[in-house]
Amino acid sequence: KAYNAKAKPNERFYNTMENQLIKRLPGYCGNSPQNRPVHELSQQVKKKELLTLAEFRAIVEEWLAEYHDTPHRGRGMNGRSPNQVWDDEIEKGWLPVEIENDGILRHLFMMSKKRSVRRHGVQIHNEFYYHEALTFYLHRRVEVRWDPADKLQVHLYLENEYLFTARPYE
């Protein structure tokens, strides 16, 4: 659900990560302007105490390893760590689904919006995209997926089924 942090599991994780780790690191600039530690931050910048990307990455990786070995209280965790839950589920026969095709992954992580098909095609960001087969979907709502770095095409889906790729309307 849009604008509902509780509907997004990753929001809870980022909150935990911020509270347990990020707030304590040099260079922390707050999660909002009201929470920005301006004085401390300016002192760290002056003293050149900020972390390099490699240092930050090493600290986060170490924290993640510890986090995944720490017992959790969430639903289904029963005091087990995420690593214990993972191992228990593997023992029961569960296997993670591996997606080996980069094209499929790319489509899954594209930007997406629902749009109605109009006479001139589908509109995304003030641009119409068209494909001759769109006439069969006139006035229907389709999902449009696109790569923000590639404005030369969008991919259309209906009920999670790929339809075709549309190009800018000329």
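1. Pairing of β3 and β6. Strand β3 (residues 127–130) and strand β6 (residues 161–168) run antiparallel and are joined by two bridges. Two strands are said to pair if DSSP finds at least two bridges between them. Strands (E, at least two residues) and helices (H or I, at least four residues) are DSSP runs, numbered from the N terminus.

2. Basis of the note. The structure is a predicted model, in which local features need pLDDT of at least 70 and side-chain atom pairs count only at pLDDT 80 or more, while totals for chains, interfaces and linings use all residues. Residues are numbered from 1 along each chain as its sequence is written, and side-chain values use heavy atoms, with hydrogens and water left out.

3. Pairing of β5 and β6. Strand β6 is also joined to strand β5 (residues 154–158), by five bridges, and these two strands run antiparallel. Y157 stands opposite Y162 in β6. The two strands form a hairpin with two residues between them. In the turn of this hairpin, E159 has a positive phi of about 50°.

4. Pairing of β2 and β3. Strand β3 has a further partner in β2 (residues 122–124), with three bridges in the antiparallel sense. V122 has Y129 in β3 as its bridge partner. This hairpin, too, has two residues between its strands, and H125 takes a positive phi near 50°. N126 is found in the loop between β2 and β3, and its phi is near 65°, a positive value in a residue other than glycine. With a relative accessible area of 73%, N126 is exposed. The cut-offs are as follows: buried means under 20% relative accessible area, exposed means over 50%, and partly exposed lies in between, for a 1.4 Å probe and protein chains only.

5. A positive phi between helices. K48 is not a glycine, yet its phi is positive, at about 55°. K48 is found in the loop between α2 and α3 (53–68). The relative accessible area of K48 is 73%, so this residue is classed as exposed.

6. Helix α2. Q43 lies in helix α2, which covers residues 38–46. Its relative accessible area is 27%, so Q43 is classed as partly exposed. Q43 and P26 are 17 residues apart along the chain, and their C-alpha atoms are separated by 9.9 Å.

7. N83 lies in helix α4 and is partly exposed, with a relative accessible area of 31%. Which residues does N83 touch, when those up to four places away in sequence are not counted? They are H68 and D69, where a contact means heavy atoms within 4.5 Å. N83 and H68 are 15 residues apart in sequence, and their C-alpha atoms are 5.6 Å apart in space.

8. W94 is placed in the loop between α4 (82–91) and α5 (102–108). Residues up to four places away in sequence being left aside, W94 touches W86 and E89. Is W94 buried, partly exposed or exposed? Its relative accessible area is 38%, so W94 is partly exposed.

9. Overall architecture. The secondary structure of the protein comes to five helices and six strands. Read along the sequence, the pattern is α-α-α-α-α-β-β-β-β-β-β. The radius of gyration is 23 Å, well over the 15 Å that the globule rule gives for 170 residues, so the protein is more spread out than a compact globule. This radius is taken over C-alpha atoms, and the globule rule is 2.2 Å times the number of residues to the power 0.38. Along its principal axes, the C-alpha trace spans about 60 × 50 × 30 Å.

10. Of the 170 residues in the protein, 26% are buried. The accessible surface comes to about 13300 Å², and 52% of it belongs to carbon and sulfur atoms; these areas come from the Shrake-Rupley method with a 1.4 Å probe, and for residues only the protein chains shown count as cover. Among contacts between residues at least 6 apart in sequence, 37% join residues at least 24 apart.

11. Charges. The protein has 26 positive and 24 negative charges, and their mean positions are 11 Å apart. Lys and Arg count as positive and Asp and Glu as negative, whereas His and the chain ends are not counted. The place of a charge is taken as NZ of Lys, CZ of Arg, CG of Asp or CD of Glu.
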